[in-house]
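Hi there,

Here is the structure I promised to pass on. Please have a look at it first, and then read my notes below.

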Amino acid sequence: NGYYYHLIEAPDLSLACITAPNEQNWVLGLLRAPTFLPTPRWGEARNPAVVPAVKQGCYIQYHRLFQDSNGTYLEFWADNWMQIFTLVSGPAAWPIVAGPPP
């Protein structure tokens, strides 16, 4: 889609997995730019892009961005579910709530 993406993991208390519920937010942020070169044009998606359904350290795991001939995707594991989203241009419902399917 003509952009480079950068996925940011952002715990608010510690890099240790504080796993007791309601003690730590562990969110994902997403940036994109039209070039990979150093540029001030890295723009934020509406961050945080992904928030956990439960406020708990390491709730969202194994996140990555990948691409195939059909598009660019955001994938992560949360609450025993692998979740995959297609990154597209235009407005979106943010943030994505990571957790079990509705």
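Here is what I found, starting with the whole chain and ending with single residues.

A word on the ground rules first. This is a predicted model, in which local features need pLDDT of at least 70 and side-chain atom pairs count only at pLDDT 80 or more, while totals for chains, interfaces and linings use all residues. Residues are numbered from 1 along each chain as its sequence is written, and side-chain values use heavy atoms, with hydrogens and water left out.

The fold is quick to describe: the chain has eight strands and zero helices, where strands (E, at least two residues) and helices (H or I, at least four) are DSSP runs numbered from the N terminus. Its C-alpha trace spans about 40 × 30 × 20 Å along the principal axes.

Of the 102 residues, 31% count as buried. Buried means under 20% relative accessible area, exposed means over 50%, and partly exposed is in between (1.4 Å probe, protein chains only). Among contacts (heavy atoms within 4.5 Å) with a separation of 6 or more, 43% come from residues 24 or more positions apart.

Now to the cysteines. The chain has one disulfide, meaning a pair of cysteine sulfur atoms within 2.5 Å. This disulfide joins Cys17 to Cys58, with an S to S distance of 1.6 Å, and the link is left-handed, at -55° about the S-S bond. Cys17 sits in the loop between β1 (4–11) and β2 (26–33), and Cys58 in the loop between β4 (50–52) and β5 (60–68), so the pair ties together parts that are 41 residues apart in sequence. Cys17 counts as partly exposed because its relative accessibility is 41%, whereas Cys58, at 13% relative accessible area, is buried.

One more residue to look at is Thr72, in strand β6 (residues 71–78). Thr72 is buried, since its relative accessible area is 8%. Which residues is Thr72 in contact with, leaving aside its neighbours within four places in sequence? They are Tyr5, Phe66, Gln67, Phe85, Thr86 and Leu87.

Best wishes
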